[in-house]
Amino acid sequence: MRAILLLFEALSGLKVNFAKSQLVGVNVASSWLGEAASMLNCKVGAIPFVYLGMPIGGNARRLSFWNPLINRIRTRLSGWKSKHLSLGGRLVLLKSVLSSLPIYALSFFKAPSGIVSSIESLLNCFFFLGGEW
Amino acid sequence: MKISWVDWNTVCSRKEVGGLGVRRIREFNIALLGKWCWRLLEDTDSMWFRVLSARYGVEGGRLLGGGREASMWWRDIFALCREEWFATHIRRSVGNGRTLDFGPMFGVVERSLGSGSLDFMI
């Protein structure tokens with residue numbers, strides 16, 4: 001496995017950062033996985049994990065699956081002094097930033113209706129009230 | 001300043017009809033996922049199609065659903081691709097869509113969207 005990765009490094013000129021890498025096994029004994037991970041100098045990961053900002057291996061029908069996304073919108077909102085923005089300013093932020101945050105997740109997973117309405121109510125509160133209620 | 005509240009539905013309507021043109025999350029979700037249905041019909045050389053066809057099988061150029069064994073993700077996408085709005089808004093055309101040359105017995109089969117058929121807020 002290490003040889004393959006080294007070969008990849010040599011061919012592509014890219015370098016694998018093993019300290020940041022995780023080894024995830026599918027139908028592999030955990031003892032073997034632990035050994036291989038210590039050989040490679042990386043961590044053992046578990047499903048579900050986040051890859052390129054998207055949770056892999058989770059169940060999109062569960063509400064908890066969508067929590068990171070909802071939190072991302074929340075933290076964005078809490079950083080803004082929304083009350084001091086005009087209605088027009090809030091509309092621009094709403095259309096350009098807030099409704100774009102979930103695009104990547106929505107292009108891959110079908111959102112349960114509960115999640116759709118909680119995202120919409122977050123956006124609604126931001127737009128009309130300038131914050132979270 | 002006192003602002004008057006408007007129904008979210010109105011906020012999400014197009015500006016021409018008095019809305020503000022904000023995206024509707026659900027429709028946007030379906031539109032984005034609809035792209036999957038389209039690509040899995042259209043681009044059968046793609047890695048995704050090859051992976052899914054190896055996992056679930058193909059019949060008549062279309063991927064199979066896989067039933068209860070299928071992953072949650074594929075069940076969602078498959079169900080969406082089977083919905084009526086998708087089936088009624090694609091069409092299959094043979095050749096270049098107007099003339100058909102029967103000389104060599106292989107015509108290029110392509111599918112194209114009817115114009116203006118997807119009335120989504122994208």
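Trainee: At roughly what angle do the axes of helix α3 (residues 67–79) of chain A and α6(A) cross?
Mentor: Keep in mind that this is a predicted model. In it, the two axes cross at roughly 5 degrees and come within 10 Å.

Trainee: What makes α3(A) roughly parallel to α6(A)?
Mentor: Angles under 35 degrees count as roughly parallel. The crossing here is roughly 5 degrees, and that makes α3(A) roughly parallel to α6(A).

Trainee: Which residues make that contact?
Mentor: From α3(A) come Ile70(A), Ile73(A) and Leu77(A), and from α6(A) come Ser118(A), Ile119(A), Leu122(A) and Phe126(A). They divide into six nonpolar, one polar and no charged.

Trainee: Why are α2(B) and α4(B) called roughly perpendicular to each other?
Mentor: Their axes cross at roughly 90 degrees and come within 9 Å. The range for roughly perpendicular is 65 to 115 degrees, and α2(B) and α4(B) are therefore given that description.

Trainee: Which residues of α2(B) and α4(B) meet?
Mentor: Ile30(B), Leu33(B), Gly34(B), Trp36(B) and Cys37(B) in α2(B) meet Ile77(B), Leu80(B) and Cys81(B) in α4(B). This contact has seven nonpolar residues, one polar and no charged.

Trainee: Which residues of α4(B) are buried, and what covers them?
Mentor: The buried ones are Asp76(B), Ile77(B) and Phe78(B). Their cover includes α2 of chain B.

Trainee: How do you know whether Asp43(B) is buried or exposed?
Mentor: Count the other C-beta atoms within 10 Å: Asp43(B) has 11. A residue with 12 or fewer is exposed, so Asp43(B) is exposed. This residue lies in the loop between α2 (25–42) and α3 (47–56) of chain B. Its C-alpha atom is separated by 20 Å from that of Trp85(B), 42 residues apart along the chain.

Trainee: Why is helix α1 (residues 2–12) of chain A called hardly covered?
Mentor: To be buried, a residue needs 20 or more other C-beta atoms within 10 Å of its own. Among the eleven residues of α1(A), the count of buried residues is zero.

Trainee: How does the radius of gyration of chain A compare with that of a compact globule?
Mentor: Chain A has 20 Å, whereas a compact globule of 133 residues would have a value near 14 Å. The C-alpha atoms fill a box of roughly 60 × 35 × 20 Å along the principal axes, and buried residues make up 14% of the chain.

Trainee: What does the domain assignment of chain A give?
Mentor: It gives domain 1 (2–46) and domain 2 (63–129). The C-alpha centres of these domains lie 36 Å apart.

Trainee: How many helices and strands does chain A have?
Mentor: There are six helices and four strands, in the order α-β-α-β-β-β-α-α-α-α along the sequence.

Trainee: How many residues of chain A are in contact with chain B?
Mentor: 18 residues of chain A are in contact with 16 residues of chain B. On the chain A side, α4 (87–98) and α6 (113–129) are the elements that give two or more residues, and α6(A) gives the most, with five. That side of chain A divides into ten nonpolar residues, four polar and four charged.

Conventions. Residues numbered from 1 in each chain as written. Chains lettered and ligands numbered in written order. Predicted model: local features only at pLDDT ≥ 70, side-chain atom pairs only at ≥ 80, totals over all residues. Contact = placed C-beta atoms within 7 Å. Nonpolar A, V, L, I, M, F, W, Y, C, P; charged D, E, K, R; others polar. Rg over C-alpha atoms; globule rule 2.2 N^0.38 Å. Domains from an automatic or database assignment. Axes fitted to C-alpha atoms, helices over the stretch in contact; angles between N-to-C directions. Parallel < 35°, antiparallel > 145°, perpendicular 65-115°, else oblique.
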